[in-house]
Amino acid sequence: MKDDPRIRGAAHDDLIHDSAIKHVTGRAEYTDDITEPAGTLHAYIGGAPIAHGRITALDLTGVRNAPGVITVLTARDIPGQNDVSPTGLQDEPIFTDDLIQYHGQPVFAVVAETRDQARRACTLAKFQTEALPHATDIDAAEAAGYPDVTAPLTLARGDAASALDTAPNRLKGRMRVGGQDHMYLEGQIALAIPGEDDEVTLFASTQHPSEAQHMVAHALGVPANAVVVNVRRMGGGFGGKETQMNLFCAVAAVAAKQTGRAVKLRPDRDQDMEITGKRHDFRIDYDLGFDDQGRILAVDGVFAARCGWSSDLSGPVTDRALFHADNAYFYPDVRLRSRPLKTNTVSNTAFRGFGGPQGVIAAERMIEEVAYALGRDPLEIRRANFYREGCDITPYHQRVTDNILNRLVDELEASADYQARRRKILEFNEKNGIIRKGIALTPVKFGISFTATWYNQAGALVHVYNDGSIHLNHGGTEMGQGLYTKVAQVVAEAFQCDIDRIKITKTTTEKVPNTSATAASSGTDLNGMAALDACNQIKARLVEFAARHWHVAPDAVQFLPGRVAVGAQIIPFDDFIRAAYMARVQLSAAGFYKTPEIHWDRATGKGQPFYYFAYGAACAEVSIDTLTGETRVDRVDIMHDVGRSLNPALDLGQVEGAFVQGMGWLTSEELVWDNKGILKTHAPSTYKIPLASDRPRVFNVRLADWSENTKPTIKRSKAVGEPPFMLPICVFEAIGMAVASVADYRECPRLDAPATPERVLMAVERLRE
């Protein structure tokens, strides 16, 4: 029935994003587009002028007397808890009134009649400070004896130390992996509207409405039921709006309740980048043992991360880096340790992949090291180390039971013509020209589920109105990825109705409580199943009603496209629903879903934290200019596993977008702090994200349409948000091959990420020497 052409928008159909036309015509309403209530005020945050030190005096007289200023908020004005820490460690004050821990840290907020007045007034604050030594990177923090922001993790299996001592070949290395700014098109923003008594309503660009609700409640000193958070859509999030919005929501809400007027808080791009967290930088030290056939025998790795001034999500991020330090490869004996270091920088946070990319790139660096040491094609070494029967236990003791990488890589190797192109590139590089080429084919294995097990739950609310129209609400948020569309397709198929019959409504804490963040690539898995549960409850009531009303067996009631078969009768859907309403059938249901089978014991480093794995592979060909270090991506071929795709068009878009964003992380996006601890790359003028002209010249992307999830996920699909972000590691590896060609591939180039032109050029010069 679901393939009937009369159903528009059933599961597995290609369907455009529900807001696509609004996006391209400028009619999509974001938080800043909402009509402001009369008398709306505007807030702006005043930040600390140094990277580390104490405030000895603060004169806000000029700020308070500035034109248009209504009030100034400081730590003393927070009626409840002065904290927005998502971990509950109470280490992230909304405003500091003493210790400054990074440049730009919020100290006060100005509330004025206009945004311009608030911004200008912030500059009039007069600080007196006592500067303390600061550390803005991993090495400096380690040298200064800075603590970890949260407890480190160790994953171990076997005896890595002994296996390393007896390995036929052994090498050690260090790799530095840079951070990344989220660069969402829509910046952080919150609009707070005070209500009666203790109530407040917020409209915000957040991936986690329930957490924003709780943080606002804590800041105001009221119960969560007094706070409503609404999100219709975001202009991108990528993890940067999972916890970072808490600050802006809390400040706007406190200001609104204090003034009794609506308050909007929207930082400019510079301040947004200065005071919101990034992807974590990592310094990875590895000790690697392997045999003469290229099989890895033992790994000992230490993953140190620049976490910033507070814990935020650094614990789970560094944990997931260790979870993915194997990528697709079996390590017989292994020990992996995290080091989540405190630094005097903004507190780093979630970013697409959530630590996974930093782990995966470390695995690929070790494969690359083995290949260069043995003079072999890295693809051979990758294949030799893939998880396989009898060698299928991860460092965290979960068995890999759904591995499809051999077939996926075989197909991509053939369709990309990898072997023939590699031979031609080797011949091209032998000519010793200024331009050198490289090619690489890399896999991805990515675990799907929140490692904080309690987050793996979702709720949904479905109403069927008596005219046959359907109202859908769930706890997932829409940030451009197409979640709303996919869940609506699930509902359309459940009722066998056209998707146009379904009204997709904003995410709100008023309808679905206690929601998890839309993150960890789990949005569709969780919310799709919750919505289906709600639909099935309603359908069960309808079937029971029809069987009783028309005196037929329950199995004689079938939902057909746009109608319902009841025995021999075919009843239009609208008429059927009207009859059920007249018979007082409940046409509303709250659905719920929790991911089964998963468990994780952090203390022992053992468990099954992931419900399943998503797989992918990509092949990239690049050219580098050995005189300037500039790179160009000539061709990319991708095959990615999304199980049985709920919407192939949307999934292809996710794969393509993730690939280009990942290319930026690995080639051009560089975060720079100066010796005073000030972020210098705080605007598009100084921070280089990929442009449309940077996309691969030839870009072939395919979904593995033969794949079907072995787990009973929603319609047997797989997550697609994060796994493809790691595919562009093939670009980084191909650049490495091109660099290595200047020394006849005798040495691993050991590039650090991002491979900017400066780093590529320095690597070329080093190898030539």
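Which residues have the most contacts inside the largest nonpolar core? I looked them up, keeping in mind that this is a predicted model. They are Phe495, Phe576 and Phe659, in a core of 163 residues.

**Who builds the core**
Helix α15, residues 523-550, gives the most to it, with twelve residues.

I then picked Phe576 and listed its contacts, leaving aside its neighbours within four places in sequence. Among them I found Leu542, Phe545, Ala546 and Trp550, and also Phe559, Val564, Val566 and Ile571.

I also came across a second, separate core, this one of 43 residues. Tyr102, Leu202, Ala212 and Val216 are included in it.

**The whole chain**
I stepped back and noted 19 helices and 29 strands. Of the 769 residues, 62% are buried.

How far apart in sequence are the partners in contact? I took contacts between residues at least 6 apart, and 81% of these join residues at least 24 apart.

**Size and surface**
Along the principal axes, the C-alpha atoms fill a box of roughly 85 × 75 × 50 Å. I compared the radius of gyration with the rule for a compact globule: 769 residues would give a value near 27 Å, and the chain has 27 Å, so the two agree.

The accessible surface comes to about 27900 Å², and carbon and sulfur atoms hold 50% of it. My last entry is on charge: there are 83 positive and 97 negative charges, and their mean positions are 2 Å apart.

Terms used. Residues are numbered from 1 along each chain as its sequence is written. This is a predicted model: local features need pLDDT of at least 70, side-chain atom pairs count only at pLDDT 80 or more; totals for chains, interfaces and linings use all residues. Side-chain values use heavy atoms; hydrogens and water are left out. Helices (H or I, at least four residues) and strands (E, at least two) are DSSP runs, numbered from the N terminus. The radius of gyration is taken over C-alpha atoms; the globule rule is 2.2 Å times the number of residues to the power 0.38. Buried means under 20% relative accessible area, exposed over 50%, partly exposed in between (1.4 Å probe, protein chains only). Contact means heavy atoms within 4.5 Å. Accessible areas come from the Shrake-Rupley method with a 1.4 Å probe; for residues, only the protein chains shown count as cover. Lys and Arg count as positive and Asp and Glu as negative; His and the chain ends are not counted. The place of a charge is taken as NZ of Lys, CZ of Arg, CG of Asp or CD of Glu. A nonpolar core is a set of buried Ala, Val, Leu, Ile, Met, Phe, Trp, Tyr and Cys residues joined through side-chain atoms within 4.5 Å.
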